[in-house]
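This report is meant for a reader meeting the structure for the first time. It moves from the chain as a whole to a few of its parts.

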Amino acid sequence: MEWLTEPFELAFQQRAVVAGALAAISASIVGTWVVIRGMSFLGDALIHGVIPGIALAILLDFNIFVGAALAALVMIGGINLVHRQTVFSEDTGIGLLFVGMLGLGVIFISRTPSYSGSLAAILFGDTLGVNSSDILVLAVVTVIVTITAIVLYRSFLALSFNEQKARLLGLHPGFTNGALLALITLAIIGSFRTVGTLLALGLLVGPPATAALLVRRVPMMMVTSACIGVLSVVVGLLISFHANTSGSATMAVIPVVLFFIVLACSNLLSSIRS
């Protein structure tokens with residue numbers, strides 16, 4: 001029992017588990033729609049897309065959340081521009097801006113005095129360095145994401161399964177799609193201090209994908225996904241403490257491992273039944 005409780009006797013570990021749980025809940029709620037709509041590549045691109053904004057904020061000493069939000073808007077605008085002004089698919093714009101924004105971010109970071117430290121913090125987070133202000137920001141993000149997901153649930157559901165029908169029902173799919181992109185961006189910005197930009201995708205996709213193997217109804221997927229996300233944070237921090245590994249990386253890997261365990265068990269059960 002001491003093996004389980006010892007890590008969380010420390011104040012910074014307690015802050016880490018609270019922040020990680022909040023990040024997991026917001027990422028899981030948004031990530032459910034990402035998985036249902038097959039937007040994982042776009043989610044990954046947005047995660048990379050905010051890096052230049054964060055780097056510029058560090059370089060010019062202004063709010064990193066403002067920088068990340070502005071960079072995300074540029075990313076989304078660029079993707080839409082490529083899609084509308086050329087014959088290329090949306091994936092082409094995503095791929096181009098994926099590499100371009102990441103490269104631009106690293107260039108900006110290389111101009112900072114503490115290049116290696118800044119790069120590591122942005123890409124991989126600083127789970128054990130989370131403070132009360134970070135937790136407050138995450139709490140606000142989680143509340144906004146949850147309320148928006150509830151209010152726009154019907155619109156998100158219609159958009160995910162039949163965009164044309166959503167338009168006929170007057171649910172404004174363009175606005176709904178924009179709101180979903182905004183929520184994805186908000187979840188990424190809120191969680192990057194905890195798990196980093198590169199590892200946020202683990203919490204954004206891992207828990208919802210695992211939940212999709214276990215349940216079918218969207219609300220239950222969200223609840224199950226959130227539970228898996230919080231479990232991943234707790235288990236990740238436990239392993240990180242005892243194995244002396246990176247907290248953010250361990251938290252991000254756990255849901256991926258859980259996905260393949262659940263997938264293997266599901267296939268085994270199917271084989272036995274047949």
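## Contacts and basis

Among the contacts in the protein chain (heavy atoms within 4.5 Å) that link residues at least 6 apart in sequence, 73% join residues at least 24 apart.

The model is a predicted one, in which local features need a pLDDT of at least 70 and side-chain atom pairs count only at pLDDT 80 or more, while totals for chains, interfaces and linings use all residues. Residues are numbered from 1 along each chain as its sequence is written, and side-chain values use heavy atoms, with hydrogens and water left out.

## Confidence

The pLDDT, which is the predictor's confidence in each residue on a scale from 0 to 100, averages 82 over the protein chain, and 91% of the residues score at least 70. Confidence is lowest in helix H7 (residues 115-124), with a mean of 66, and highest in helix H13 (residues 218-243), at 91.

## Overall form

The protein chain holds 14 helices and zero strands, where helices (H or I, at least four residues) and strands (E, at least two) are DSSP runs numbered from the N terminus.

The radius of gyration, taken over C-alpha atoms, is compared with a globule rule of 2.2 Å times the number of residues to the power 0.38; for 274 residues a compact globule would have a value near 19 Å, and the protein chain agrees, because its own value is 19 Å. Along its principal axes the C-alpha trace spans about 60 × 60 × 30 Å.

## Burial

Of the 274 residues of the protein chain, 47% count as buried, a term that means under 20% relative accessible area, with exposed meaning over 50% and partly exposed in between (1.4 Å probe, protein chains only). In helix H4 (residues 51-60), the buried residues are Ile51, Pro52, Gly53, Ile54, Ala55 and Ala57, and H4 is followed by Asp61, whose phi is positive, near 60°.

Ala45 lies in helix H3 (residues 40-49) and is buried, with a relative accessible area of 0%. Leaving aside neighbours within four places in sequence, Ala45 is in contact with Met75, Ile94 and Phe98. Between Ala45 and Ile239 there are 194 residues of separation in sequence and 29 Å in space, taken C-alpha to C-alpha.

Ser225 has its place in helix H13, and Ser225 is likewise buried, with a relative accessible area of 0%. Not counting residues up to four places away in sequence, Ser225 touches Ser28, Thr32, Pro207, Pro208 and Ala211.
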